[in-house]
Amino acid sequence: MKKFDIRNIRIRKVSVDELDDRMLLINLYATQAFTFIIGLIWVLFQHQNVIALFTPPKELAFVYWGAGLAAAVIVVDLLISRFVPEEASDDGGVNDRIFRTRKVWHIAVISLVVAICEELLFRGAIQHAIGPYWTSIIFATIHVRYLKHWIPTGLVFSISYGLGWIYMESGTIWAPIIAHFLIDFIMGLIIRFRRES
């Protein structure tokens, strides 16, 4: 039996083009599972009630908060993509690889998983501890593929701050979850069907 030696582990940078579709999805879902677990543990350490955090309010105003922010973000993103050169907002092809060949139902599943996992961590846990401004800086930094260009980095920071703001205004995590889901889902559909035509 061979002995395991940690010194034999080699880490190398891999571009998105080197990943096959299966590995890309495994990476995506594993990252989101890790995000969810960290968020859940952090929320529990803050002595928050997870059930209360995810209980939707009786009033439907949170849906309008989420849909309104999503609509504003999509309009701004479409304007940026129309007037700003593609190189200035390049994410290294990650979004294109994730969404361009996906079925609509799978784009919806990916968008929902990402929205719930990331909002639990960033709005439910981190923002609860340090507020929306610093949470947005961390959120923008975590989306490392955008850091090469200031326009997408600024947009990700602004979206995160908007998500934090509607969380505070609506009083429920469901408002940023709805906004995050709609932004990812609609932008995923745009990528999917723009590539087809």
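## Helix packing in a predicted model

Helix 3 (residues 61–83) and helix 6 pack at an angle of about 165 degrees, and their axes lie 10 Å apart. Because angles over 145 degrees count as roughly antiparallel, helix 3 is roughly antiparallel to helix 6. Their crossing is right-handed. From helix 3, the contact uses F62, W65, G66, L69, V73, V76, D77 and I80. From helix 6, it uses I151, L155, I159, G162, L163, W165, I166, E169 and S170.

This is a predicted model. The protein chain has a mean pLDDT of 89. Of its residues, 85% reach 70 or more. Where is confidence lowest, and where is it highest? It is lowest in helix 4 (residues 94–99), with a mean of 87. It is highest in helix 5 (residues 104–142), at 96.

### A second helix pair

Two packed helices are described by the angle between their axes and the distance between the axes. Helix 1 and helix 5 form another such pair, at an angle of about 30 degrees and with axes 9 Å apart. That angle makes helix 1 roughly parallel to helix 5. Helix 1 passes helix 5 in a left-handed crossing.

The table sets the two pairs side by side.

| Helix pair | Angle between axes | Distance between axes |
|---|---|---|
| Helix 3 and helix 6 | about 165 degrees | 10 Å |
| Helix 1 and helix 5 | about 30 degrees | 9 Å |

### Helix 1 and its cover

Helix 1 covers residues 21–45, 25 residues in total. From its first C-alpha to its last it reaches 36 Å, close to the 36 Å expected at 1.5 Å a residue. Which residues of helix 1 are buried? They are L24, L25, L28, Q32, T35, G39 and V43. Their cover includes helix 2 (50–53), helix 4 and helix 5.

Leaving aside neighbours within four places in sequence, L28 is in contact with I98, I110 and V114. L28 and V114 are 86 residues apart along the chain. Their C-alpha atoms are separated by 8.9 Å.

Just after helix 1 comes H47, with a positive phi of about 60 degrees. H47 has this positive phi although it is not a glycine. The residue sits in the loop between helix 1 and helix 2. Is H47 buried or exposed? H47 is exposed, with a relative accessible area of 74%.

Helix 6 (residues 150–170) has 21 residues. At 1.5 Å a residue it should span 30 Å. Its end C-alpha atoms are 30 Å apart, which agrees. The buried residues of helix 6 are I151, P152, T153, L155, V156, I159, S160, G162, L163, G164, I166 and Y167. Just after helix 6, G171 takes a positive phi of about 80 degrees.

I80 lies in helix 3. Which residues does I80 contact, leaving aside its neighbours within four places in sequence? They are I151 and L155. Both I151 and L155 are listed among the buried residues of helix 6. I80 and L155 are 75 residues apart along the chain. Their C-alpha atoms are separated by 9.7 Å.

Methods:
Residues are numbered from 1 along each chain as its sequence is written. This is a predicted model: local features need pLDDT of at least 70, side-chain atom pairs count only at pLDDT 80 or more; totals for chains, interfaces and linings use all residues. Side-chain values use heavy atoms; hydrogens and water are left out. pLDDT is the predictor's confidence in each residue, from 0 to 100. Helices (H or I, at least four residues) and strands (E, at least two) are DSSP runs, numbered from the N terminus. The expected span of a helix is 1.5 Å times one less than its number of residues. Buried means under 20% relative accessible area, exposed over 50%, partly exposed in between (1.4 Å probe, protein chains only). Contact means heavy atoms within 4.5 Å. Axes are lines fitted to C-alpha atoms, for helices over the stretch in contact, and angles run from 0 to 180 degrees between N-to-C directions. Angles under 35 degrees count as roughly parallel, over 145 as roughly antiparallel, 65 to 115 as roughly perpendicular and the rest as oblique. A crossing is left-handed if the near helix is turned anticlockwise from the far one by less than a right angle, and right-handed if clockwise.
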